[in-house]
Amino acid sequence: MATPEIQNGGVSVMAAAPTVDQNGRTAATMRLSSPIRIFLFFHKAIRGELDGLHRTALALATNGSGGDIEQLMKKCHFLRSIYKHHCNAEDEVIFPALDIRVKNVARTYSLEHEGESVLFDQLFTLLGNDMENEEGYKRELASCTGALQTSISQHMSKEEEQVFPLLSEKFSFEEQASLVWQFLCSIPVNMMAEFLPWLSSSISPDERLDMRKCLHRIIPDERLLQQIIFNWMDGVNVCNKRKRSEDDLRLSSSSHASPSTEKSDLLPSDCSVIRSSQYHPVDDILHWHKAIQKELIDIAEAARCIKFTGDFSDLSAFNRRLQFIAEVCIFHSIAEDKVIFPAVEMSFVEEHAAEESEFEKFRCLIESIESAGANSCLEFYSELCSQADHIMKMIKKHFLNEEKLVLPLARKNFSRERQRKLLYQSLCVMPLRLIESVLPWLVGSLSEEEARCFLFNMHMAAPASDTALVTLFSGWACKGYPREICLSSSAIGCCLAKETEETQEHSGRCCRNCACASSSTTTCGQTCEKSIDQANLVCSVENNACTVSKTESPKASNQSCCVPGLGVNSNSLGMSSLATMKSLRSLSFGPSAPLNSSLFIWETDNSSSIRGHSRPIDNIFKFHKAIRKDLEFLDIESGKLVDCDETFLRQFTGRFRLLWGLYRAHSNAEDDIVFPALESKETLHNVSHSYTLDHKQEEESFEDISSALEELSQLHENLSAKAASGNSSESLLGSLSCIDHFKKYNELATKIQGMCKSIKVTLDHHVLREEVELWPLFDRHFSVEEQDELVGRIIGTTGAEVLQSMLPWVTSALTQEEQNKMVNTWKNATKNTMFSEWLDEWWGGTLAAPSQASTSENNISQEIATHESVDQSDHMFKPGWKDIFRMNQNELESEIQKVSHDPTLDPRRKAYLLQNLMTSKWIAYQQKFSQSRTSEADDDRDLLGRTPSYRDPEKQIFGCEHYKRNCKLRAACCGKLFACRFCHDEVSDHSMDRKATSEMLCMNCLQIQPVGPVCMSPSCNGLSMAKYYCSSCKFFDDERDVYHCPSCNLCRVGKGLGIDFFHCMTCNYCLGMQLVDHKCREKGLESNCPICCDFLFTSSTAVRALPCGHYMHSACFQAYACTHYSCPICSKSMGDMSVYFGMLDALMASEVLPEEYRDGCQDILCNDCDRKGTAPFHWLYHKCGFCGSYNTRVIKVDRDNCST
């Protein structure tokens, strides 16, 4: 029985492909009986080929005597050809079938195939350069092969982790077998003859046996098909079989020729054309030209007929005809470019490329009508008619040029045998599934004599090893000829199908035919008649092609040539096949020709259309620009590691670690926030899983490079140490050791260069695929508000230290306009927070730093200048001390009124500004007075506070009762020294602005110095002031884990944003990661605790979130909850009160009210569900009839009878 076909199943969506299924199977340990297992063999063979290629390139780079470039070139050619056809078969068969069952998985892998094609092109371009003797050229070659190995290996690993388990889970065994069979039938015949022997030799004997068993289940149960496949797989080992088969064939055909007759003597007696001296086999190309032109004329006429009649009922059949002729034309041109034209040293590449472009327009037109529906059919077919006429003229002109220029040269310079071989090789450029449709279609357009000549030439050109294959081709060709005669027997003197059948095991079975063959007792003639009827009537549907242009079914009941069909399914053959043909074109141009990847063309067009309007999410992808810039740096500079000094190595390592850290933050944000947001949309399930796998692989690559750089640094230190101790007593031994170290260093530097090239290529393709596939999804599925929320969530999980490293890194790769857009988007996404204030304090100071560095003012004046520059950008009054001191009373009152009437200011910010403005005269005077006494005070040991303070006097631990730290801060307001701002506020009549602090006192050496994380005094030798130091808050802490939140613009206790806390942009507060799903209340913590009335936002004690969205101190909650269960602000229940309410139910049921109150009723309002209702009269408890809560209040007393 032939392998069953795949039926179009329903769409099945999965959140992510599990690595282990319900039976405990993993992707790496799939069932031995699964047909999908054969793909693991393919991957193993490809990995082995990649490893051999890279080792050859490394030997060239590290071997001083040079190497064999030709061997490397041959390996590259073979690997490219094998892998390209492997990818094309996946794109044409596997991925479309998977996309029917599981959406949003296949496209990513097809895009990766495009990127890998570009890598091959770059490698061949490099191989084509005439720089073989240059050392840098060889290292670059090794880097390119390493990048290719990494990219393809990671791609295959992802397929094994995601795609193969899905295929195994979503498809039955029969469907998997059918998919693999279609996969094999989609690889060109000439490649199958190389592909299967190479695959068989690349795996172990046990795996080879498993593969044979697997193929027995995959290939339809037809002896001829299995003979063809296993002959290919056995390779050179089938020579004896070929000889025996040929001998049997000659013996069985003794009635037509004697045993000593050669192939040329098998000429049919009535074929006078072949015997003519004017006959040239290469003229069979004219048959192809005539058939293609005839089919195009019929299609154009059919389009005009549809246009005039307005009958659009059979669009699918018309589209299949277009698809079929497009495939035929493209494969025909590929065959000419690879076989015919190189032989005559001519090229028609430009003409073929133009034709492919026209067929691409056909594809676009088909997509247009399918998306637009019947409304635009008339307009579509008008355009289609015009397009058909245009391509007809183009192809006719092209064919005429070939017939004038190419055929005369072939007739003149090639023998008949050579001409036949070229034609046969051209046919074998097509895959089996296309040849099955093309041969009947082509032969059906020929006369009987032309058909016999065509088959005779094919038989004569085929080598002895292809006997079974030619038998199959001849049988397929006979199906297209509308005569009751076997063309095969009349062309070569015998029926190959019958003779082949007779030489096989005599099982008593008749030959089967494609889809209709069965194991019943029907006669061969009856089977053939049924098969040929179906082949001519339905073959266009079965094989996605129009086999003959006539509609009548030829009768061939007496035809004796019966061969099986492939039985492949056509559901997966659609628009993707044209793209596959286009990708095959690169293999016919030669190694040095560039490939204009449709991936990159699409990205350029797409990005230009997207960037017409700015969206919040665009700023996430602007990180890609900075990533590409640093990747380019690593790629170029890694080539200088061989001959570098210690300074360069240290700088290179630092730049690498910066990129690694920032890319990790970027990828974590995508994995934790962006990708889950995409997956939350029902239509986008599975779209991001491949990119998550990318992040894991890229993290491993970064770790490998980091380890290699550490080893390289160690080797560099050893070499430097040996060079420093030059005059050694054992000079010979020392020199040998130095040579050994230098060789290891050189090899490791070359390896790192390749690893940097690999990570550059991998990340380049990764970010490009994100921009092509994921970027447009945000425009279609997310509103601007949702995108703003995503940006806010990303910022809310990114620490201040990361942002301070990231912002200069990103903006260095952007234009000024892009910088402004990005910063504005960030501010808009964090508009409810203090992020803008933090950004202006830090980022404004960074921008102003160059101009300030040239001044001779002290640190205080620099602080003033920084604040002044921020004032102008914010358009709000934040004067420096100099400005306030120069103001008169009227100017100061005017500024106070301006701030008071500014509606854009946050109330808390406004109160802070008003308080400081009203006390500014006194503060400014104190500031000026303290500055005038600075020089005297520095020399005075009795200056107030210039003595150490202790957190633990017994153990002599510096600090105060509030914090453990090794320094004191000098208050900018009064110039006094205090261990912390709380110590200052306790003894002063004003508050200390710790952010204005510019000086500190080291309590170890008692020296006043600029505030910083360590003591600058030589006697302290870099003593750390505390474990944690915040340059923004001028905050030190040597005991707890503290982080600075840029959105709060405060330091808070915790491990950090994205670790154990995140900042909610709506609530404007840092919440624990366990509170990601909480009820948001805008600026909910910018209020006082309802119990103790302390300001919650700046509180240093723990805060508890209530279910209603309000907050209070945790300690206050514990005390309040002892006597209350409702929120003191909104009166909603503070927790799950079902147990308590159940107790009240029991109490109410057991309680008996006095007679006069028993029927009373009261109107109530439920505090929990906010609904009004009625409840039986009670002086204390009233149950809500909607939610069952007793958290209610009485709004009206009704003494009438209560019916509810």
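Biologist: Leaving aside neighbours within four places in sequence, which residues is F1062 in contact with?

Modeller: Contact means heavy atoms within 4.5 Å. By that rule F1062 touches G796, T797, L1057, Y1069, C1070, L1071, G1072, M1073, L1075, V1076 and H1078. Before we go on, this is a predicted model, where local features need pLDDT of at least 70 and side-chain atom pairs count only at pLDDT 80 or more, while totals for chains, interfaces and linings use all residues. Residues are numbered from 1 along each chain as its sequence is written, and side-chain values use heavy atoms, with hydrogens and water left out.

Biologist: Why is F1062 called buried?

Modeller: Buried means under 20% relative accessible area, exposed over 50%, and partly exposed in between (1.4 Å probe, protein chains only). F1062 has 10% relative accessibility, so F1062 counts as buried. This residue lies in strand β11, residues 1061-1064; strands are DSSP runs of E with at least two residues, helices are runs of H or I with at least four, and both are numbered from the N terminus.

Biologist: How far apart are F1062 and G796, in sequence and in space?

Modeller: They are 266 residues apart in sequence and 5.5 Å apart in space, C-alpha to C-alpha.

Biologist: What makes E336 count as buried?

Modeller: Its relative accessibility is 2%, so E336 falls in the buried class. E336 sits in helix α12, residues 315-344. Not counting residues up to four places away in sequence, E336 touches I285, H289, F341, P342, H352, H398 and E402.

Biologist: Why is α29 called roughly perpendicular to α31?

Modeller: Helices α29 (residues 784-796) and α31 (residues 816-829) pack at about 90 degrees, with axes 8 Å apart. Axes are lines fitted to C-alpha atoms, for helices over the stretch in contact, and angles run from 0 to 180 degrees between N-to-C directions. Under 35 degrees counts as roughly parallel, over 145 as roughly antiparallel, 65 to 115 as roughly perpendicular, and the rest as oblique. That is why α29 is roughly perpendicular to α31.

Biologist: Which residues of α29 and α31 meet?

Modeller: D788, V791, G792 and I795 in α29 meet T825, W826, N828 and A829 in α31.

Biologist: How do you know that β4 and β6 stand at the edges of their sheet?

Modeller: The open sheet has four strands in the order β4-β3-β5-β6, with antiparallel pairing. Two strands pair if DSSP finds at least two bridges between them. Each of β4 (977-978) and β6 (1008-1010) has a single partner strand, so one side of each lacks a neighbour in the sheet. Two bridges join β3 (residues 967-970) to β4, and L969 has F978 in β4 as its bridge partner.
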